[in-house]
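Here is my note on this structure. Keep the sequence and the 3D view open as you read.

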Amino acid sequence: PTGRRLPPDRTSGWEGLSEREQEVALLVAEGASNTDIGRELFLSPHTVRAHVSRILYAFATPTRAGIAAHIPRNHDPATLDSLTPRQRQVARLVSTGATNRDIAAQLGISISTVEKHITAIHDRLRLSTRTAITTALREHAD
C-alpha cells in the first residue's frame, strides 16, 4: 500500500531482483561507480545506493566484487540484453533510420535524452556509429 517493495529474500540471487536492480547489478559488475550508474540510468544517487543495498542483500555478499561473482554467465555486458529497456527502444528506432528528433517525438522524451541514450548504447556495446547499432540489432535478431 505504501508503494515500497519488500526487500528480496536473503540469497534469492538474480531471480530475486527487479529488472532495474538487474541493470544496476550489471553495471556494478562492470566496475561502475554509483555516480556512473546514476548518470547512465538517470537515477539519483540515493536510488542507486538503495538498489545496490538490495542487490548486496539478495546475493548475500558484503562487497561489490561479490556482486560480479553472482552475475549469471549469460549476461555478457557487451550484449543487447545488457541495455536498459529504454536503450533497447532507442536502438530499435535508430535501426529504422529514425533521426534523434523522430525518436524523441515517438518516445515522448527530449532530443538530449535520446543523445544520452545513444551514447550509453555506444559505450555499453562498444560501438561507435548508428550503423553499428543497426548491425548489432540485425545480428541479435538472427
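This is a predicted model: local features need pLDDT of at least 70, side-chain atom pairs count only at pLDDT 80 or more; totals for chains, interfaces and linings use all residues.

1. The chain has 142 residues, and 42% of them count as buried. The accessible surface is about 8200 Å². Carbon and sulfur atoms hold 51% of that surface.

2. **Contacts along the sequence.** Take the contacts in the chain with a separation of 6 or more. Of these, 60% link residues 24 or more positions apart.

3. **The largest core.** Nonpolar side chains tend to be buried together in soluble globular proteins. Here, the largest nonpolar core has 19 residues. Those with the most contacts inside it are Trp14, Leu17, Val24, Ala25, Ile37, Ile55 and Ile67. Which elements give two or more residues to this core? They are helix 1 (19–29), helix 2 (34–41) and helix 3 (45–59). Helix 3 supplies the largest share, six residues.

4. **Another core.** A further core lies apart from the largest one. This core has 17 residues, including Leu83, Val90, Ala104 and Val114.

5. **Helix 2.** Look at helix 2 on its own. Its buried residues are Ile37, Gly38, Glu40 and Leu41. Ile37 is also listed among the residues with the most contacts inside the largest core. What covers the buried residues of helix 2? The cover includes helix 1, helix 3, helix 4 (64–70), helix 5 and helix 7. After helix 2 comes Phe42, with a positive phi near 60 degrees.

6. **Helix 5 against helix 7.** Now find helix 5 (residues 85–95) and helix 7 (residues 111–125). Their axes come within 9 Å and cross at roughly 95 degrees. Angles of 65 to 115 degrees count as roughly perpendicular, so helix 5 and helix 7 are roughly perpendicular to each other.

7. **Who makes that contact.** Helix 5 contributes Arg86, Gln87, Val90, Ala91 and Val94. Helix 7 contributes Val114, His117, Ile118, Ala120 and Ile121. By class, the contact has seven nonpolar, two polar and one charged residues.

Key:
Residues are numbered from 1 along each chain as its sequence is written. Side-chain values use heavy atoms; hydrogens and water are left out. Axes are lines fitted to C-alpha atoms, for helices over the stretch in contact, and angles run from 0 to 180 degrees between N-to-C directions. Helices (H or I, at least four residues) and strands (E, at least two) are DSSP runs, numbered from the N terminus. Angles under 35 degrees count as roughly parallel, over 145 as roughly antiparallel, 65 to 115 as roughly perpendicular and the rest as oblique. Contact means heavy atoms within 4.5 Å. Ala, Val, Leu, Ile, Met, Phe, Trp, Tyr, Cys and Pro count as nonpolar, Asp, Glu, Lys and Arg as charged, and the others, Gly among them, as polar. Buried means under 20% relative accessible area, exposed over 50%, partly exposed in between (1.4 Å probe, protein chains only). Accessible areas come from the Shrake-Rupley method with a 1.4 Å probe; for residues, only the protein chains shown count as cover. A nonpolar core is a set of buried Ala, Val, Leu, Ile, Met, Phe, Trp, Tyr and Cys residues joined through side-chain atoms within 4.5 Å.
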